[in-house]
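Hi everyone, thanks for coming. I'll walk you through one structure today, starting with the surface and ending with a couple of side-chain pairs.

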Amino acid sequence: MGELLPKPTLRELIVAATGGFVWAAVGLMISFWSSELAQATSSRVHNFLPDNTANVGSGTLVDVTASGERGLVLTCAHLFAEGTGRVVVEFPGGRTHGGLVVGVDREADLAAVEIAKPRAAAAGVSASFEPTGSVRACGFGPSGEYRCVDGQVIGYSERPGQRSLRMSGAVRSGDSGGGVFDDEGRLTAVVWGESGG
């Protein structure tokens, strides 16, 4: 029980430190890559209403036709709760597309917006819902500043038409409709609200 372990040699310490640095670098590269991928598929969704007001949120490009002529952006239905006006989808770098709302699911708070000739590839979508682990929520907030926040899944609930997870880390007004990505950069959920996380 009181057995003393031999002291590591200088060579063993160098190998261990090098391994630690390599794994840290790999982790940073994966994190950077998944952030870049999330940003390329993320968009800001504007719903300009006839009364000169606008509802603004975020969205994720989830499908592109084989010809590249059409794309589908997933966002929140509550952006269209007061009606649908002129819809504009804006991607990083200032590219804008007119949007056509082609589907709304009020129970799940989801809406699908079709755009023409998207330049980005669609985000990968997770086929399974895992209510555990770490996730990254991304959106454009109230000012249009793109930001991702990493957090752990800290809760899960289900009701008819909707499955929800709660994560640590706060999202902002204007992040609604933005993507929530798993550790492989796949879309796993959509931001729909904020309440202390």
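Quick definition before the numbers: accessible areas here come from the Shrake-Rupley method with a 1.4 Å probe. And keep in mind that this is a predicted model.

With that, the accessible surface of the chain comes to about 11,400 Å², and 57% of that belongs to carbon and sulfur atoms. There are 197 residues in the chain, and 37% of them count as buried.

So what is the chain built from? We've got one helix and eleven strands. Going along the sequence, the pattern reads α-β-β-β-β-β-β-β-β-β-β-β. As for contacts between residues at least 6 apart in sequence, 60% join residues at least 24 apart.

Okay, cysteines. A disulfide is a covalent bond between the sulfur atoms of two cysteines. Cysteine 138 sits in strand β7, residues 134-139, and cysteine 148 in strand β8, residues 147-159. The link is right-handed, with 110° about the S-S bond.

Are these two buried or exposed? Cysteine 138 has 2% relative accessibility, so it counts as buried, while cysteine 148 is partly exposed at 26%.

Last stop, the aromatics: the whole-structure search turns up one pair. The rings of phenylalanine 140 and tyrosine 146 have centres 5.0 Å apart and planes at 55°, so the pair is tilted. Both phenylalanine 140 and tyrosine 146 are buried.

Definitions and conventions
Residues are numbered from 1 along each chain as its sequence is written. This is a predicted model: local features need pLDDT of at least 70, side-chain atom pairs count only at pLDDT 80 or more; totals for chains, interfaces and linings use all residues. Side-chain values use heavy atoms; hydrogens and water are left out. Rings of Phe, Tyr and Trp (its six-membered ring) pair if their centres lie within 6.5 Å; planes under 30 degrees apart count as stacked, over 60 as edge-to-face and the rest as tilted. Buried means under 20% relative accessible area, exposed over 50%, partly exposed in between (1.4 Å probe, protein chains only). Helices (H or I, at least four residues) and strands (E, at least two) are DSSP runs, numbered from the N terminus. Contact means heavy atoms within 4.5 Å. A disulfide is a pair of cysteine sulfur atoms within 2.5 Å.
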